[in-house]
Amino acid sequence: MLTADKTVLGVTASLSGRRWLWRTGEDRIAAGIAQRLDLPEIVSRLLAARGIGIDAAADFLEPTLRAMLPDPSSMTDMDVAADRLADAVRRGESVAVYGDYDVDGACSAALMVGFLRGLGCVVHHHVPDRIKEGYGPNAPALTDLVGRGARLIVCVDCGTAAAVALAAVAGQADVIVLDHHKAEGPPPAILATVNPNRLDCASGLGTLCAAGVAFLTAIGTVRALRRLGFFANRAEPDLMGLLDLVALATVCDVMPLTGVNRAFVCQGLKIMARRSRPGIAALLDVTQAREKLNAATCGFALGPRINAGGRISEADLGLRLLLSEDRVEALMLAERLEAVNRTRQDVEAGIMDAAMAAAETQIAAGRPALLVTGEGWHPGVVGIVAGRIKERFNRPACVAGFTDGLGKGSGRSVSGVDLGAAVIAARQAGLLVTGGGHAMAAGFSVLAGQLTAFHAFLDERLAAASTMPSAADLMVEGTLAVSGATTEVGRHLERLAPFGAGNEEPTLVLHRARVVRADRVGREAGVRGRGSRRATAEGDDVQGTGRRAGRCAAGTQRGGGTASGRTSARRGMEWFGQSVLYHSGRRGGVTRPLNDNA
Ligand SMILES: [Mn+2]
């Protein structure tokens, strides 16, 4: 499905060192899709490049829950969990929801708390503090929830690996885990562990985030209650209204936006646009997100702010915002998160320059794995810094902050390099205090005295990374002339949205074009390439302004060529170019794109 056999327009190294490679699907499939659905060729080619078959194309363009929603009961333990929750509802029991401090944790907790309260339960909740308590359930917090009267505890986005902590409340409360983290062994000895990634779950739903699992659990619970006649004289809850939370969590947990996840996000964005949840509406107002709501709004505007509380302030700020039913309170919480997020950015900026410089030195020394540390670096932001370093150098990168001789760190990897396995192996080799993760991300803690040995271990284990190009390849899916970048084509391309993991924003090369002006747009613009950039492109006598949505790369080809007359390209290119018009240094010369690193 993915062929990358030759470079696009002969670009073997852009100014930022990237190769431009084709990402294309099979011509036969593209042609079949175009014919079946009467689409412009460029759209059918993009669908084929995403591995979408002829029969699946219609559902991809119109992803309905009716077509995509799986049977909740296909997940191991779901029926037990749903029956127990239905029981709690019928008896009006006191329930506790134990969450997590990231966006998926906050969303899945808000979903469960709201759902159960709506059905009449008394619901307590707890979100652990990242630094004081760490990830996952802990015995003191669980015991406290029992002390507050909870007879049923629902852990969301955590709990699969918490057998020891969960044993603390055995016999005092039933425990249900709704999680999606990969299980390494058997589930804990509790009432129910609903997790598509537990070893014995054959549902095939491994790409759900925890909020997706919680949503399916809500459906299962309503179904159980319906069977019991609970709704004989009362209305059933509006489960679709919970999809804004599922969409937000799915995007922010970087789940692939395909299959049922795509349906969740499409429907959830519509719910969000109705502004019925005061917390999300308030956060949108505070962030002044003016563009049409899309996956990027979740990933870049809402997500970081909800996360900010858990990173450097009160862990449950995000959950409280999502649960708020009062617009005034919601606005106050949103403003607090906005302020916390600014502080987070400052904290991060304070680390970034030093970390980047250290990484650069290691690159110059030829080290395959980057490991940079600093005294007092805030453990809540080291993961973000690692991600930026990884992107800049296309190498696995770990960043740790030290306090009292103990470093708490986080790592991010490039595809094809399993960082999590290396960190686990380092822990097993006695080089780390704690360590775990998966292929693309890992967390660890390390003693100062072990740092050198840990870095050497990573270098050896990840030696293959040193042969990777210094910048990631840019995958290009098509070319356009400036005159071809019309509003109509743009509208068709937007039907492929929402874009994100598993369904990347298309990158198209705008050829025979020259950027004549480029301005930065937006408050965060240019700080770390996060903002958007407005660019004016000129293709002979055609001009256009690119802004928002899509990625568009412009290069000048040798010999140039004439685009077809002056068009409404200004309007036509509205669609394009959040950021990236790339261009050649010399007009008509060899293609040397200035910047595709945005
Ligand atoms: Mn999660």
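Residues are numbered from 1 along each chain as its sequence is written. In this predicted model, local features need pLDDT of at least 70 and side-chain atom pairs count only at pLDDT 80 or more, whereas totals for chains, interfaces and linings use all residues.

The protein has 20 helices and 18 strands; helices (H or I, at least four residues) and strands (E, at least two) are DSSP runs, numbered from the N terminus. Of its 598 residues, 51% count as buried. A residue is buried if 20 or more other C-beta atoms lie within 10 Å of its own, exposed if 12 or fewer, and partly exposed in between, with C-beta atoms placed from the backbone. Among contacts with a separation of 6 or more, 67% are between residues 24 or more positions apart; two residues are in contact if their C-beta atoms, placed from the backbone, lie within 7 Å.

Helix H1 spans residues 27–37, and its buried residues are Ile29, Ala30, Ile33 and Ala34. These fall within an arc of 135° when seen down the helix axis, so they line one face of H1; the arc is that of the directions from the helix axis to the C-beta atoms. An α-helix has 3.6 residues a turn, so residues three or four places apart point the same way. The cover over the buried residues of H1 includes helix H2 (41–49) and helix H3 (57–61). Asp27, Arg28 and Gln35 are exposed on the other side of H1.

Strand S9 (residues 406–412) is largely enclosed by the rest of the structure, because 6 of its 7 residues are buried. S9 runs antiparallel to strand S8 (residues 397–403), with 7 bridges, and antiparallel to strand S11 (residues 441–447), also with 7 bridges. Two strands pair if DSSP finds at least two bridges between them. Alanine 397 has arginine 412 of S9 as its bridge partner, while serine 410 is partnered by glycine 443 in S11. S8 and S9 form a hairpin with 2 residues between them.

Most residues other than glycine have a negative phi, and most peptide bonds are trans.

| Residue | Phi | Other C-beta atoms within 10 Å |
|---|---|---|
| Aspartate 157 | about 60° | 31, buried |
| Aspartate 404 | near 50° | 6, exposed |

Aspartate 157 lies in the loop between strand S4 (152–156) and helix H8 (163–166), whereas aspartate 404 is in the loop between S8 and S9. A cis peptide bond, with omega about 0°, joins alanine 497 and proline 498.
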